[in-house]
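Q: I have a structure open and would like to go through it piece by piece. Can we start with the surface?

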Amino acid sequence: MDELPCPHAWAVLKNQQLKPGQYCSFYYKKDNFLRTYEFPMNPMPDESLWVIPTEVLEDVVLPPKGRRNAGRPRKERLKLASENESKRACSCSVCGQSGHNRKTCRNRPK
């Protein structure tokens, strides 16, 4: 599906009287598709009848060495020290000083 136009592009091409087939990969064209299945495909024989070369039988396949970290993966990347966000300075709407807000204001008139 990577080399086929999406339905939106297909509609635009038809609207502009262009042939959408020209914008597809040649793998998806009818003649190549039919050529793929030109020769008969026989099912695999029983596993007891398989002929496996000795070099393949001698290869030892080990699991990967790495290990995944436990827990859920992070949503955001870690930011560099140079990218630190400057904290927004809050200021009080009653007295106008910074560092606190209206709710925690000590200079509030009673």
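A: The accessible surface of the chain comes to about 11,800 Å², and carbon and sulfur atoms hold 54% of that. Accessible areas come from the Shrake-Rupley method with a 1.4 Å probe, and for residues only the protein chains shown count as cover. This is a predicted model, in which local features need pLDDT of at least 70 and side-chain atom pairs count only at pLDDT 80 or more, while totals for chains, interfaces and linings use all residues. Residues are numbered from 1 along each chain as its sequence is written, and side-chain values use heavy atoms, with hydrogens and water left out.

Q: How much of the chain is buried?

A: Buried residues are 7% of the 110 residues. Buried means under 20% relative accessible area, exposed means over 50%, and partly exposed is in between (1.4 Å probe, protein chains only).

Q: What radius of gyration does the chain have?

A: The chain has 33 Å, whereas a compact globule of 110 residues would have a value near 13 Å. The radius is taken over C-alpha atoms, and the globule rule is 2.2 Å times the number of residues to the power 0.38. Along its principal axes, the C-alpha trace spans about 95 × 60 × 30 Å.

Q: And which helices or strands are there?

A: The chain has three helices and zero strands, in the order α-α-α along the sequence. Helices (H or I, at least four residues) and strands (E, at least two) are DSSP runs, numbered from the N terminus.

Q: How many salt bridges does it have?

A: The count is one salt bridge, between the side chains of R35 and D31 at 3.9 Å, N to O. The rule asks for a side-chain nitrogen of Lys or Arg within 4 Å of a carboxyl oxygen of Asp or Glu.

Q: Where do R35 and D31 sit relative to each other?

A: They are four residues apart in helix α2, so about one helical turn separates them. R35 is partly exposed at 46% relative accessible area, and D31 is also partly exposed at 46%.

Q: What else does R35 pair with?

A: The side chains of R35 and N32 are joined by a polar contact of 3.2 Å. That term means a pair of N or O atoms within 3.5 Å; within protein, one must be able to donate a hydrogen and the other to accept it, and residues adjacent in sequence count only if both atoms are side-chain atoms.

Q: Is N32 buried or exposed?

A: N32 is buried, because its relative accessible area is 17%. N32 lies in helix α2. Leaving aside neighbours within four places in sequence, N32 is in contact (heavy atoms within 4.5 Å) with F26 and Y27.

Q: Changing topic: what does H100 touch?

A: Not counting residues up to four places away in sequence, H100 touches C90, S91, C92, C95 and C105. H100 lies in the segment after α3 and is buried, with 16% relative accessible area.

Q: Which residue has a positive phi without being a glycine?

A: Q17 does, at about 55°. Most residues other than glycine have a negative phi. Q17 is in the loop between α1 (7–15) and α2, and counts as exposed because its relative accessibility is 68%.

Q: Last one: which residues form the nonpolar patch on the surface?

A: M44, W50, I52, V56 and L57 form the patch, with about 540 Å² of accessible area together. Patches are made of residues with over 30% relative accessible area and no salt bridge, where like charges are joined within 9 Å and nonpolar side chains (Val, Leu, Ile, Met, Phe, Trp, Tyr) within 5 Å. M44 is in the loop between α2 (30–36) and α3 (54–58).
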